[in-house]
Each structure stands twice: as structure tokens, then as C-alpha cells.
Amino acid sequence: MKENSKVVEVERISVRFSGDSGDGMQLSGTLFSQASAMFGNDISTFPDFPADIRAPQGTIGGVSGFQVHFGKGVNTPGDRTDVLVAMNPAALKANAKFMKPGGTIIIDEDSFDAKGLEKAGYKTDDPFAEDKLDSYKIIKAPITTLTKEAVQDLDIDNKSALRSKNMFALGLVFWLFNRPIEHTEDYIKRKFGKKPGIMEANLRVLEAGFHYGDTIEAITPSFHVLPSQPRKGIYRNINGNTAAAWGLIAAAERAGVQLFLGSYPITPATEILQELAARKDLGVKVFQAEDEIAGICSAIGASYAGALGATSTSGPGMALKTEAIGLAVMTELPLVVINVQRGGPSTGLPTKTEQSDLYQALFGRNGECPVVVLAASTPVNCFDFAYYAAKIAIEHMVPVILLSDGYLANGTQSWRVPEKEDFPNIEVPHTRQSAGEFKPYLRNVEKQSRAWVWPGMKGYEHRVGGLEKDALTGVISHDPVNHQNMVGLRQEKVDRIANFIPELEVQGDKDADLLVVGWGGTYGHLSSAVDELCKEGRKLAFAHFNYISPLPRNTAEVFAKYKKIVVCELNMGQFASCLRMKHPQYNYYQYNKVQGQPFTVEELKSCFVKLLEA
């Protein structure tokens, strides 16, 4: 960062909004992200909030944060933050450890009183000295006081007035980064158009924060963050859940079938249900069931009737769906199950991220019960892999589990809206058999999948169900030899999908000594760590898996080229164990983290350097 004038030019920068749950920090961060995306910056965001519906105000347990990293070539929300907005002492204490040396801290000076400091656990009246922040640029703004002054002549109560103080912080950050506020003003007018007093309060406070920046300009530089140069097209800011919902819509439309989602709300997957419920205009049908079991069973019923059946869930909800996934395997119907992974067993850490449902996705069912498992790797490509999950489910007549996670679901990126031609066709497996001579389990020779025939097609009547069936007629069969044959056929069907998915690609140094392996939502941090080390002259390569079961058919061929392989994941080593089962001829190192937080680029680089030097 070169500081040669009042305006400092930087390539990319990270900002964290932090305060009590209810202070509007998620909204402030979202609006700032949208403004940065419209300005032409790449963005990556990380909402970090507590699971408690209402933790005690002013305590560290109740701190809610939203980090946005923006500029050119952004792949992660950033390990550390350049600018921290702390609306109270607890927000400062919780986030001080994430600050870059010499960064800027904006505080609401009004909340840093004796009571606030005590609640946050400070022992003195000087939190900056306690947290060793004396070398940082501190902007002490009386945000609460100035908010009240800005709205004092409006006919609104004190509580409503104070709710708008997040707009003061947002306006000040807009000034700090030379961002226009018109887009946010338009948002406020749309959101509060039916409440003129609230709308006016938010507009006034936003402007007050922006203009307050002018009054402190003499002591603090502002920043100019360079815009990127994206391809031509329509761009928008999108999170992983919305992207996944839209990917399902696109797939159903491309296949020419109706989309049906049967689901039950659960954090952090609920937004998929909400997004699809708002798309009746696109022919989407959504059923909010009384529980997870009813949700997935209704989706299987929809698939039996000729629609693309899908269900969304997370953590413990996935456990409840396991028996029904077995039913979808036995009936050989298309089904997409989106599991937005969260931390811990049981209710665990519902607002935190983890990759610990991989074993459950691969093995968590009774009997020999193979399914396809995919994993999205960025918020944006949740769209892509929802589309591909639906394509595989329909074309191969098999349930597909798509793994996302809390980091992808809530994080946002700039998304170039794709063209129809950017994605392959989806071929619905209609039967070519004659009516009256239909054999429901007669299989496609290449894929080992059966045809999709639904009720109402005269001459194609057949039964489906969870009981074992004859390999050709579908009549219930308890014949031992037939059962073994059917078990083999269902496994063979999944295995052959490897012939229809892309081969594994490797990025980085072709003569690398170390291959870094990852899957799912760790992509941004892993690729950034490998890129940075390669630029420093280290020899690394990187292979990221989106197709988990079956694995890409060239997996062993790729692994054979490297002396060392390290598998990095946000669990205790589930993917590494799967690789040992499938390809035991290689020695795998592991780097694992189970803290409910994503990797940092810094810790990954440290691990890789140690392995290279070992």
C-alpha cells in the first residue's frame, strides 16, 4: 500500500463490519458488497454470525460480523482485515486478532463507556492499549450521537432512530473508499417506501456518515481500489444458496420438465427453499413439508410423476433423509439432494461451516446403496453444480447428493450471468420400447440406467417401491441371485458415470514436488495459497475435486506424477480416507481444520512450505 497522498491506491482490500446481532452489520456489509460489485471490483464475502437468536447485548458471544474482500483477482474473503468497523467494545475485542498491522479501526465512541468495556471483558478504560492497537489508525466517531442529531426532527421513536446507525457506519465506509452512495439510496427508497419516516431516517444517516468523512479527511487517507476488467455481460452479486436454486431452475427448463422442491427449513439451507418459493412465475413448485422425511419423500413422488424432484437440507436434516435416499436408489428415479454442510454433529454449530458430512453422503444408508456425490467449490459455481447434479440425476436415473457448505451458502461473489449455450443439453431418457411390451428395468447399454416413464402413459404401467425387484420386469423378487445381480447393476450404474464427467485438471507448476488436493468450498483459499507460493518460486501443483463419487477416471494417473500429496479439508480427514480406500498405492499427508471457520491462506502456505522442506 503506497501512501503518497490523501487518496491511497490499492489493488485489493478487506473490510469487516462488526457489532451486536441486531446492529444491521449483515445489511451494511451486503450493501457495501453490492456497491463494490457495481463499481467493477471482484468481491468475496464472509458473513460470520452467532447461532443464538439473541445473545446478551454487548457481549462477545453476540457479535455479528460481515467481511468483504474486494479489488482485482479476489478469491477469498481475506485472512485479515484492513479496515474494521466496531460498533461496540465486544466487536473490537472479538475482531482485533483479525486486523492487519497498521490497519484502520472505526468505532462508535458512544458505546465505549465503562459498562460496554466491562461487558466485553476489558480490564481498563483503554481497550486499544490492552489489544496492542496503538499503532493502528483509530477513527473515533460518536455514531450514536450523530445518528440521533440527524433524525431529531423526524416523527420516529428513539428505537427506530438508533436502528439506522448502521447506515452512518456504512456512509463513512463509502467515503473511505470513494464509493458513490446513490445505489444504496435507491435500495433504501425501495425497501422503506411504505414507511416514509424510516426511509428518511436511513437516507439522512447514510449521508451524515458520508459527510462526516469529509470532516476527518485532514487526519485519515481514503482509498481507491482498482476495478477489475471483466468479460462483457450482465453481472450481479450472488450467494451460493441463490445460485444453487437458480441452477436447478435452469436444469429443469433445459430438460423440459417441471421443477419440484420438497423441503423443510434448516440453517443454512433455508434460503434455497425461500428462493424457489418466489419463482412460481417460472413454473417452480415448492412444498414446505412438516419435516425432512416428508420433504424428500414428496420430491421422490414428484420424480415418479415426471418432474425433477429436489430437496434441500443441512446437517441433522440429512440424517433424517437417509432412508428415503435409499428408496430413490431402489426405485431408480432422478433426485437432487442439496446438503449445505454446517459444523458439528446434532445441532452443533448451525451458522458455521464444515466439510464433515462427506462420510454421511457416501455411506450413510443401509444396504449396498450407491449414489453420486458432487461438491460445489465457490458461491458462483453452486449454480453450475446444481445444474450438473440435475443433469446426471435425469440422464442416469440416480439420486445425486450435492454438497455445499455454510461458507458457500452465505458468501457472495460477482457472477456473470451465463448464456444458455454455456451449458450442455440435458437428455431425458424416454423409453423406446413399445406400449404393452414395456420392461421397466431394461437398461441403456452404455449407462446401465433405465428409462423414465411416469403415470398416465398407457401401456407403460409398472410398479416401483423399496422392495427388491426383478432385474427386467420390476416385479418384486426375493431370489438371491437376482438380488446380487441388482446390487451389482446399481453400483455399475454409478461407476459408469465416470465416463461422462470431466477429467481432473491440475493447476500450478508442472514439475511440482507437492500436489495439494482439496474438494468443495476450500477452493478459493487453496488456489490462492498455491498461486502465491508458486510466485515465490516454490514448486507446487493443485488438484481440486468437484466429483467425489465416482472420482474422475484419471485420478490415479494425476497422483502418480507427484512425490508428495497433501489432502486439505475442513474435517478430520474424510476425503483423505476415501482416497486411501480407492487408491491405496499413494501416501497422503493431511491438513485438517475443524473450527467452524474456513482455512486461511497464511496457515495453508505455512503447512505447504514445511512439507516442501521436509
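Tutor: Gladly! Let us begin with an open sheet of 7 strands in the order β11-β10-β12-β13-β15-β14-β20, with mixed pairing. Strands here are DSSP runs of E with at least two residues, helices are runs of H or I with at least four, and both are numbered from the N terminus. This is a predicted model, where local features need pLDDT of at least 70, side-chain atom pairs count only at pLDDT 80 or more, and totals for chains, interfaces and linings use all residues. Residues are numbered from 1 along each chain as its sequence is written, and side-chain values use heavy atoms, with hydrogens and water left out.

Student: What makes β11 and β20 stand at the edges of the sheet?

Tutor: Two strands pair if DSSP finds at least two bridges between them. β11 (285–288) and β20 (547–549) each have a single partner strand, so one side of each is left without a neighbour in the sheet.

Student: How do you know that β10 and β11 pair?

Tutor: Strand β10 (residues 259–263) has 4 bridges to β11, in the parallel sense, and the cut-off is at least two. One of the residues to look for is Gly-262, whose bridge partner in β11 is Phe-287.

Student: Why is β18 called largely enclosed?

Tutor: Buried means under 20% relative accessible area, exposed means over 50%, and partly exposed is in between, using a 1.4 Å probe and protein chains only. In β18, 6 of the 6 residues are buried, so the rest of the structure largely encloses this strand. Leu-514, Val-516 and Gly-518 point one way, while Leu-515, Val-517 and Trp-519 point the other way. β18 also pairs with β19 in the parallel sense, over 6 bridges.

Student: Is Gln-448 buried or exposed, and why?

Tutor: Gln-448 has a relative accessible area of 13%, so this residue is buried. Gln-448 is in the loop between β16 (412–416) and α18 (480–495).

Student: And why is Asn-178 called partly exposed?

Tutor: Asn-178 has a relative accessible area of 38%, which is why that name applies. Asn-178 sits in the loop between α7 and α8 (182–191).

Student: What makes the phi of Asn-178 worth a look?

Tutor: Most residues other than glycine have a negative phi. Asn-178 has a positive value, near 55°, and Gln-448 has a positive one too, near 65°.

Student: How do you know that the peptide bond from Thr-267 to Pro-268 is cis?

Tutor: Its omega is near 0°. For Ser-549 to Pro-550, omega is also near 0° and the bond is cis. Most peptide bonds are trans.

Student: Why are α5 and α7 called roughly perpendicular?

Tutor: Angles under 35 degrees count as roughly parallel, over 145 as roughly antiparallel, 65 to 115 as roughly perpendicular, and the rest as oblique. Helix α5 (residues 143–150) and helix α7 (residues 165–176) pack at about 105°, with axes 9 Å apart. Therefore α5 and α7 are roughly perpendicular. Axes are lines fitted to C-alpha atoms, for helices over the stretch in contact, and angles run from 0 to 180 degrees between N-to-C directions.
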